[in-house]
Amino acid sequence: MSIRASLVSGILLVALGTVRASGLSAPALLESPSLSKSLSDWLTQPTMTGDWGGARKSLIAYGITPFAFSIQEYANNFSGGIRPGDSVTRQYTSGANFDMAKLAGIDGGTVHVALNYRDGQSVSAFATGNLLQVQANYGAGEDAFRLATLSYEQKLADGRIVVQGGFFPVGND
């Protein structure tokens, strides 16, 4: 068994042991009024991390809309190439969109800023040997922070024309 599989198994055993020690079965725990209410609230709220005690609404009211997300990609080369092997690559992105109408009185203007952090090992590099990346978020590969987006977007003619310039990934227009 791999270290990864052992770790996952250990976490599951601890979780199951905690549920059993509480005297509730897993279905009973999920049906408890307090957990089902909080789970329902969490699943139906507009954002995953909530309103941050009102800070998110305040930022948006001022024209700053923060965002963050994460992408993980698992790949496995079962046979062929250099050797069998698997890996996970991760990309963490955070940034903000700045509504220039609220911040500077420029209707239809938005400044986009985003930073990425990527880590992991590309299965293409050590297992398959191909030049085209199997994992899309691996990119050039360095485990480092990088500027992902720094651009200005201007909507014209009631949003029928959109002009964007700056640094942004192809396809993000």
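This is a predicted model: local features need pLDDT of at least 70, side-chain atom pairs count only at pLDDT 80 or more; totals for chains, interfaces and linings use all residues.
1. Residues are numbered from 1 along each chain as its sequence is written, and side-chain values use heavy atoms, leaving out hydrogens and water.

2. Now the strands around that bridge. E1 (residues 64-77) and E2 (residues 85-99) run antiparallel and are joined by 14 bridges. E2 also pairs with E3 (residues 109-120), again antiparallel, over 11 bridges; there, Tyr92 has Tyr117 in E3 as its bridge partner. Strands (E, at least two residues) are DSSP runs, numbered from the N terminus, and two of them pair if DSSP finds at least two bridges between them.

3. On to the rings: there are 2 aromatic pairs. Phe67 and Phe69 are stacked, at 6.5 Å centre to centre with 20° between the planes. Rings of Phe, Tyr and Trp (its six-membered ring) pair with centres within 6.5 Å; planes under 30 degrees apart are stacked, over 60 edge-to-face, the rest tilted. Phe67 is partly exposed at 27% relative accessible area, and so is Phe69 at 42% (buried is under 20%, exposed over 50%, partly exposed in between, with a 1.4 Å probe and protein chains only).

4. Tyr117 turns up again with Phe145: their centres are 5.0 Å apart and their planes at 50°, so this pair is tilted. Tyr117 sits in E3 and Phe145 in strand E4 (residues 144-156), 28 residues apart, linking distant parts of the chain. Tyr117 is partly exposed at 24%, whereas Phe145 is exposed at 65%.

Definitions and conventions:
Helices (H or I, at least four residues) and strands (E, at least two) are DSSP runs, numbered from the N terminus.
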